[in-house]
Amino acid sequence: MKIPIDASTKYNVVIGRNLLNNISNRIKELKGDCTVAIITDDIVNSLYGEEISKGLSNNKIRNHKFVFNNGEKSKNINTLSEILEFLASNTINRQDLIVALGGGVVGDIAGFAAAIYLRGIDYLQIPTTFLAAIDSSVGGKTAIDLEAGKNLAGAFKQPIEVICDVETFKTLDEKIFADGIAEAIKYGVLFDEELFNRFLKDKLTANSEDIMDIVKKCVEHKRDIVANDEFDRGKRQLLNLGHTVGHAIERCSDYEITHGHAVAAGMGIIARASEKKNLAKERISEKIEKALIKNNLPINSEYSTEELYEKAIKDKKVLGSNINLIIPERIGKCKLYNIKTEEIKEFIELGKE
Ligand SMILES: NC(=O)c1ccc[n+]([C@@H]2O[C@H](COP(=O)([O-])OP(=O)(O)OC[C@H]3O[C@@H](n4cnc5c(N)ncnc54)[C@H](O)[C@@H]3O)[C@@H](O)[C@H]2O)c1
Ligand SMILES: O=C(O)C(=O)C[C@@H](O)[C@H](O)[C@H](O)COP(=O)(O)O
Ligand SMILES: [Zn+2]
């Protein structure tokens, strides 16, 4: 199945099973003669990276690989610098290709390297987590974290293709799979009541019959938003539902709490606050909590309002003394609210109760 993405460059998200077996042929079709620089983490390398390099070599495609320690703590300027030096020392040139093989951490940092190395070279996304497949590999947001907070340096750089093999979800730890469910529930709350209701029914797993259909639906929602606002000036900010507080939770925990879990807690907090401030048009928080709990996700955070507020005000959505906050009104409909930055404190306080 192919989903075309219409951004500053056009490309496809290819979704299927056992697609990793054919990567080297697809790279030949996409790029012709080139050298491939695979960027991946240690876990993904041992599961899939070694086979992929072998496949490339057997197909006479020159390839090099950079492997870093898995996890959010690697998504920083030091790893980025090592990747750039690795590319340069292997004389990767503007005709060559970076392959981002892994979850959102690999995709974000490898994509950022592709955006700035030689002022930009092509990259291919091969997401191997559910979260990366439905969200981070699509739409061209790339980033690293800074001391002050999440994703504070980055670039918009679209991949030349996204190849999503849903079979890779089968090796994911349950908790990591659930990180993706949080972002899928987010799409439901934002745009799609039917998709949302799916998460009330039963716990989604990598073996669920409808897994491919859910990936497709989520990617289609992302496609529509990216086509409308690629550079995050307006509607795309809706995709930040639960993230203002979520990113603060991640930062407060020194990234021990993973992105999807933090976003889940952030959605719980903002949904309760939205109801208490009479911004919600229906009783949403109970439903959102149910969907999250059914899928083993948190609905609240133990950090204090002050701790969360201090980190939340470092967000990219702060403009002058205001910030855009995403408020759920009903399941399937959310709205951007431009509020004074200090008002977030009240939202966090109300939502945490
Ligand atoms: N650019 C975007 O639009 C966007 C969107 C959402 C999230 N993100 C970013 O994505 C990151 C989170 O991504 P993530 O949840 O994929 O985390 P991750 O990349 O850290 O992967 C989670 C863990 O799963 C392991 N893993 C990956 N694939 C595996 C597989 N198939 N089998 C077994 N283990 C596997 C990894 O080694 C890692 O330990 C965050 O940094 C977040 O900010 C970016
Ligand atoms: O693609 C987007 O736009 C998103 O906001 C998707 C989010 O799930 C993702 O976590 C993104 O990286 C957050 O964006 P940021 O601009 O707040 O860094
Ligand atoms: Zn996210």
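**Ligand shells and the sheet**

Analyst: Gladly! The shell around ligand 2 holds two nonpolar, four polar and six charged residues. Ala, Val, Leu, Ile, Met, Phe, Trp, Tyr, Cys and Pro count as nonpolar, Asp, Glu, Lys and Arg as charged, and the others, Gly among them, as polar. This is a predicted model, where local features need pLDDT of at least 70 and side-chain atom pairs pLDDT 80 or more, while totals for chains, interfaces and linings use all residues. Residues are numbered from 1 along each chain as its sequence is written, with chains lettered from A and ligands numbered from 1 in the order written.

User: What makes a residue one of those that surround ligand 2?

Analyst: Its C-beta atom, placed from the backbone, must lie within 6 Å of the ligand. Those that surround ligand 2 include Asp135, Lys141, Asp232 and His243.

User: Why is ligand 1 said to lie between domain 1 and domain 2?

Analyst: Because domain 1 (2–171) and domain 2 (174–352) both give residues to its shell, ligand 1 lies between them. The bounds come from an automatic or database domain assignment. Of the 30 residues around ligand 1, Asn70, Gly103, Gly104, Thr129 and Ser136 come nearest.

User: How do you know that strands β6 and β9 pair?

Analyst: Pairing takes at least two bridges found by DSSP. Two bridges join β6 (residues 122–127) to β9 (residues 161–165), so by that definition they pair, and they run parallel. Strands here are DSSP runs (E, at least two residues), numbered from the N terminus. Gln125 stands opposite Val162 in β9.

Methods
Helix = DSSP H or I, 4+ residues; strand = E, 2+ residues; numbered from the N terminus.
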